[in-house]
Amino acid sequence: MLKTVILDLARLRLNPVAVTQVREKGQLSRPHLRNPSWFLRKERKMRDNLVTSENKSFVQEIIHDKFGPPALIKGVASYDQTKREQLVKTDELPTDQVWTTKERRTGLIARKIGQYPLWLKNGEKIRTTLLQIVDNHVIKYTPPEQYKPTQLPNVARLNSYGCLLVGAESCDPSTLTKEYCGLFKDSGLLPKRHLVRFLVTPNAAIPVGTPLNVGHYRVGDYIDVRGKTVDHGFQGVVKRHGFKGMPASHGVTKTHRRPGNIGGGGEKGRVWPGTKMPGHMGNRWRIAKGLRIWRINTKYNVMWVNGSAIPGSTNGLVYIYDTILPVRKHKTAPPFPTMFEQATEGPDDIWFENVHNFKNESITFQPEE
């Protein structure tokens, strides 16, 4: 038996199976009922209540002097230029990397902040969703030879990808455990509230401590947005699947919102898999693919993304990737591996060429002769 298992493992290593991307739903779709044993405990159960208010304010001043403001405030990044140069050395930035269609860049962590309409120049109205890049920084990079996923994702050529750990939203380290704060020891950053791993090619690796902003994408690009849908709890078939229900007339008794016959008789004396029935609605990872970026605001790190069906609730977190749709992939080289310099000059708003900008004059009058 042991010999058979060893031969099977060797065969899998020699002949890796090409399967779908990790962004697809599958074992990652259902939420975990409990965290795995190797998960680090994040928040502390006991707080230091004996610390006076004066000492708390003193600690916050020390933290701000060393790390800067904790989040994006009025277009001010969490690190000024001098502290950013101390964290990320300019001679270590990969400036000689060449982008090809086979390269995979890192993604970003964004917050869904609302919806807004835009109009094209031909008069067509489009609905967009606003996504704000919230204080993203690179925490750690693991090369392909050292990256060992805890769960085998459905990715072809897994051994050729590295893992880039990205964090968002700096928080108070006094509320976190010592083990969780140890993840940020070598990065020189404040502990982040949210951490996400992105698979990248080795030449798309980014130095630790590099800030990631909305300049990572361009207007007109297509992206994939992954988020967790709104949790509605246990719901019936009318709300969950849109059933019509039974008529509310005479003779109909207590079956107004029930599913009715599910066709379980005859040779198939069972419930077929996939039958639409009552159950838990929402709280599942879903992804919207091929969404175009119509507008970008570099001051507040906000992008206007096509569509209003992006999964997740308002103020919920979503993950942004370069699209995997073959027709909508990048045709020209994007900022590779990312945009290292934040835009300090030029307009705050960047519009796509087909979008009408209401700040510009659309009607002109000829002077009378």
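Colleague: Why is Val-59 called partly exposed?

Modeller: Its relative accessible area is 41%. Buried means under 20%, exposed means over 50%, and partly exposed is in between (1.4 Å probe, protein chains only). The 41% of Val-59 falls in between, so the residue is partly exposed. This is a predicted model, in which local features need pLDDT of at least 70 and side-chain atom pairs count only at pLDDT 80 or more, while totals for chains, interfaces and linings use all residues. Residues are numbered from 1 along each chain as its sequence is written, and side-chain values use heavy atoms, leaving out hydrogens and water.

Colleague: Where is Val-59 found, and what makes up the nonpolar surface patch there?

Modeller: Val-59 is in helix H2 (residues 53-67); helices (H or I, at least four residues) and strands (E, at least two) are DSSP runs, numbered from the N terminus. Phe-58, Val-59 and Ile-62 make a nonpolar patch of about 280 Å². Like charges are joined within 9 Å, nonpolar side chains (Val, Leu, Ile, Met, Phe, Trp, Tyr) within 5 Å. At 41%, Val-59 is over the 30% limit.

Colleague: Glu-169 and Lys-254: buried or exposed?

Modeller: Glu-169, in strand S4, has a relative accessible area of 15%, so it counts as buried. Lys-254, in the loop between H5 and strand S9 (279-281), is at 67% and therefore exposed.

Colleague: What is the phi of Glu-169 and of Lys-254?

Modeller: Phi is near 65 degrees in Glu-169 and about 55 degrees in Lys-254. Both values are positive, and neither residue is a glycine. Most residues other than glycine have a negative phi, and most peptide bonds are trans. A cis bond joins Phe-336 and Pro-337, with omega about -5 degrees. Pro-337 lies in the loop between S12 and strand S13 (349-351).

Colleague: What makes a set of residues a nonpolar core, and how many residues has the largest one?

Modeller: A nonpolar core is a set of buried Ala, Val, Leu, Ile, Met, Phe, Trp, Tyr and Cys residues joined through side-chain atoms within 4.5 Å. The largest has 35 residues, and Leu-131, Ile-223, Met-303 and Ile-320 have the most contacts inside it. Strand S10 (285-297) is one of the elements that give two or more residues to this core, and its 5 residues are the largest share. Apart from it lies another core of 10 residues, including Trp-304 and Phe-352.

Colleague: Which residues does Met-303 touch?

Modeller: Contact means heavy atoms within 4.5 Å. Not counting residues up to four places away in sequence, Met-303 touches Leu-131, Ile-223 and Ile-320, among others.

Colleague: How do you know where confidence is lowest in the protein chain?

Modeller: pLDDT is the predictor's confidence in each residue, from 0 to 100. The chain averages 80, and 78% of the residues score at least 70. Helix H1 (residues 2-14) has the lowest mean, 43, while helix H5 (residues 237-241) has the highest, 96. Residues 69-75 stay under 50, with 15 contacts beyond four places in sequence. Residues 77-84 are also below 50, with 21 contacts beyond near neighbours in sequence. Where pLDDT is low, the predicted coordinates should not be read in detail.

Technical notes
Accessible areas come from the Shrake-Rupley method with a 1.4 Å probe; for residues, only the protein chains shown count as cover. A salt bridge is a side-chain nitrogen of Lys or Arg within 4 Å of a carboxyl oxygen of Asp or Glu.
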